[in-house]
Amino acid sequence: MKIFKRILLALILIIAIVIYLNYPKLNIISGFASKNLASNALISKRSVSTIIANDNNMPLIKLADATFNEKEKSSSATVFGLMERNTIYREGLGCVLINKDFDASKMPLSPKRKKKIDTLPYPFGSNTPVDSIFTSVDYKRLNKAVDFAFNSPEKFKTRTVLVLYKNHIIAEKYADGFSKDTPILGWSMTKSIIATLYGTLQKEGKLNVNSTAPIPEWKNDERKHITINNLLRMQSGLEWEEDYTKISDVTKMLYLDTDMTIAQKEKKAIAKPTEIWNYSSGTSNLLSGILRDQFSTRQEYLDYPYKVLIDKIGMYSMLIEADMEGNYIGSSYGWATTRDWGKFGTLYLNKGNWNGEKLFSDEWVNYITKPTKNSDGVYGAHFWLNAGGKFPDVPKDMYSANGFQGQYVFIIPSKDLVVVRTGLVQEPIFDLNSFLSGITNSIN
């Protein structure tokens, strides 16, 4: 009996220590668990038990006790019964983590979407892909490379892989529980979607990325020279901490802020524009706010991404979630099926040409793939690059949209390839160099 009491006391002490050390983080831990559960359940349509066992099975996050209410389309989470956080669903805007400022009587507008009658095969339509055999493809080598991504499910945690060559699917594979119809959270791949909207605005003559950022609060201080280009290249010189392991600028923004377009705007300058390269999700949400201010009404802002890009190329599964104020969370919360992410890559492989219509100029592709100063050749304008040879066995012209936990859309022009990989583990644990070189080397 004494031994039992000692063990119980020790367990209570351990729990108390854990709570004390992590108490300030509990708000964010329960917030992540609640938001991630609701979005996966309602957008991906996956089972609650699977989401909790896999998607929320992360350091600290797994401490949360999360529950889902299917009838009310909501979720809640606590950590040891503390810091309850709640998430609700809004049609057209996805799930949002709410706080004490939330007013249920003031629901924001929703985007108006139009789905065209589709008669074309994938990828330029959404119908059955055309079966194609290319003599220039070593299919045995290709399939081996794709299988590599799934060979160690507990280590690599790959969920989906899609390979398109010359606008045709040449390989496609899904882990159990996933299919071509399962929307996947792209995390920071959403940044590349937001950036592309600046490409469409520029083509329309409504904006010049080299112009000064239109932010009145910056006009009378050292931030007045920051351009939209500086923001797209993450070289504004503004202070920002992008660290998901602790309470930082990015975790406070994503799990505490009502309006996520403000956080980066209020930061001070720690360097002149172009002097440093500093990856910032706050910058992407600031760009979403600047995008919003290009339109005279909120409805026009909400409709724009779907009207000129997403629905234009038939990414009908895509949903960009919004914050409590109805601003698109351009840093992190874009969902789409693997095939629809493949459409986005195909648009770039074809330099903005979609069924004969140019959505952005050739110069835009050159712009987003130009290496940003001080990034060591790994970053362009809201796209990642291989210009510096980070992946030595992969063509240097490769560029990509990348997301947390290993979401990738790779565009490799020299090989006429688009490769999509999604999962729960990213590089270096998932060996991208081996995976991609295996695919690229299968093309003669």
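A pocket, as the word is used here, is an open set of grid points where a 1.4 Å probe fits, with protein on both sides within 12 Å along at least five of seven lines. Please keep in mind as you look around that this is a predicted model.

With that in hand, let's begin at the largest pocket, which holds about 1000 Å³ of space. Its lining is made up of 37 residues, and those closest to the centre are Asn54, Asn57, Met58, Gln405 and Leu424. Which elements supply at least two residues each to this lining? They are helix 2 (26–44), helix 3 (48–55), helix 5 (153–156), strand 5 (158–165) and helix 8 (249–256). Helix 3 has the largest share, with four residues. If you colour the lining by class, you will find 20 nonpolar residues, eight polar and nine charged.

Now move on to the second largest pocket, with a volume of about 500 Å³. Here 20 residues form the lining, and Trp384, Asn402, Gly403, Phe404 and Gln426 are the closest to the centre. Strand 12 (384–385), strand 13 (399–403) and strand 14 (407–412) are the elements that give two or more residues to this lining. Strand 13 gives the most, namely three. By class, the lining of this second pocket has 10 nonpolar, six polar and four charged residues.

Is Thr346 buried or exposed? Its relative accessible area is 1%, and since buried means under 20%, Thr346 counts as buried. And what is Thr346 in contact with, leaving aside its neighbours within four places in sequence? The partners are Pro123, Phe124, Leu164, Asn167, Trp354 and Val418.

Our last stop is a pair of helices. Helix 6 (residues 189–203) packs with helix 10 (residues 298–310), their axes 10 Å apart and at an angle of about 75 degrees. Because angles of 65 to 115 degrees count as roughly perpendicular, helix 6 is roughly perpendicular to helix 10. To see where they meet, pick out Ile193, Thr196, Leu197, Thr200 and Leu201 in helix 6, then Tyr304, Pro305, Val308 and Leu309 in helix 10. This contact between helix 6 and helix 10 has seven nonpolar residues, two polar and no charged ones.

How values were computed
Residues numbered from 1 in each chain as written. Predicted model: local features only at pLDDT ≥ 70, side-chain atom pairs only at ≥ 80, totals over all residues. Heavy atoms only, no water. 1 Å grid on protein atoms, 1.4 Å probe; cavity = no way out; pocket = protein on both sides within 12 Å on 5 of 7 lines; lining within 4 Å. Points joined across faces, edges and corners; volume = space filled by probe spheres on them. Nonpolar A, V, L, I, M, F, W, Y, C, P; charged D, E, K, R; others polar. Buried < 20%, exposed > 50% of the residue type's maximum accessible area, 1.4 Å probe, protein only. Contact = heavy atoms within 4.5 Å. Axes fitted to C-alpha atoms, helices over the stretch in contact; angles between N-to-C directions. Parallel < 35°, antiparallel > 145°, perpendicular 65-115°, else oblique.
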